[in-house]
Amino acid sequence: MSDTSSLVLWIAGAGVAIVGVLIVAMVVVRGRRVPGAHVFRASRWSRGNHLFPTQVAVTPTSVVHYTPEWFGRREQSIHMAHVASVLIDTNLFFSNVLIESSGGASPVRCHGHRKRDAVRMKELIEQFQTAYYNAPRAKPADSERR
């Protein structure tokens, strides 16, 4: 083989390696955990979560479902006052969580969570809903009463 052809092969191989490293880095960065105290990440071994695992953040005011994509992300949120029900479907290895809204929007469907994470999601939602509905409401100002 001539020096020119081996140089071309070496450059092509280096280019393929660089592209591979960039793809792996993008998958790692896009799949990192979103910030928050109560974030539940699906397993990469479950259906639909191999590259970019879906995540659910439960906050005192809402439930947010994040799905990273190659460019951008898909995000769906339901206010805690509009969560109608939480369904946990436990399979052999993973649990699926369905969070339905009372507002008529499409439900949040999460596949591939560990059973204890699914149960903890449901407990947090019920805890935050109880706190939301038991919180004292602000009284309207005098000008608003008239």
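Here is a quick tour of this chain, from its overall layout down to one pair of rings. Keep in mind that the model is predicted.

Let's start with the layout. The chain holds three helices and seven strands. Read from the N terminus, the order is α-β-β-β-β-β-β-β-α-α. The radius of gyration is 23 Å, while the globule rule gives 15 Å for 146 residues, so the chain is more spread out than a compact globule.

How much of the chain is buried? Of the 146 residues, 31% are buried. As for contacts with a separation of 6 or more, 37% of them join residues 24 or more positions apart.

Now for charge. There are 18 positive and 10 negative side chains, and the centres of these two sets sit 3 Å apart.

Finally, the rings. The chain has one aromatic pair. It is formed by tyrosine 132 and tyrosine 133, with ring centres 5.1 Å apart and planes at 80 degrees. Angles over 60 degrees count as edge-to-face, so that is the label this pair gets. Are these two tyrosines buried, partly exposed or exposed? The table gives the answer for each.

| Residue | Relative accessible area | Class |
|---|---|---|
| Tyrosine 132 | 28% | partly exposed |
| Tyrosine 133 | 48% | partly exposed |

Key
Residues are numbered from 1 along each chain as its sequence is written. This is a predicted model: local features need pLDDT of at least 70, side-chain atom pairs count only at pLDDT 80 or more; totals for chains, interfaces and linings use all residues. Side-chain values use heavy atoms; hydrogens and water are left out. Helices (H or I, at least four residues) and strands (E, at least two) are DSSP runs, numbered from the N terminus. The radius of gyration is taken over C-alpha atoms; the globule rule is 2.2 Å times the number of residues to the power 0.38. Buried means under 20% relative accessible area, exposed over 50%, partly exposed in between (1.4 Å probe, protein chains only). Contact means heavy atoms within 4.5 Å. Lys and Arg count as positive and Asp and Glu as negative; His and the chain ends are not counted. The place of a charge is taken as NZ of Lys, CZ of Arg, CG of Asp or CD of Glu. Rings of Phe, Tyr and Trp (its six-membered ring) pair if their centres lie within 6.5 Å; planes under 30 degrees apart count as stacked, over 60 as edge-to-face and the rest as tilted.
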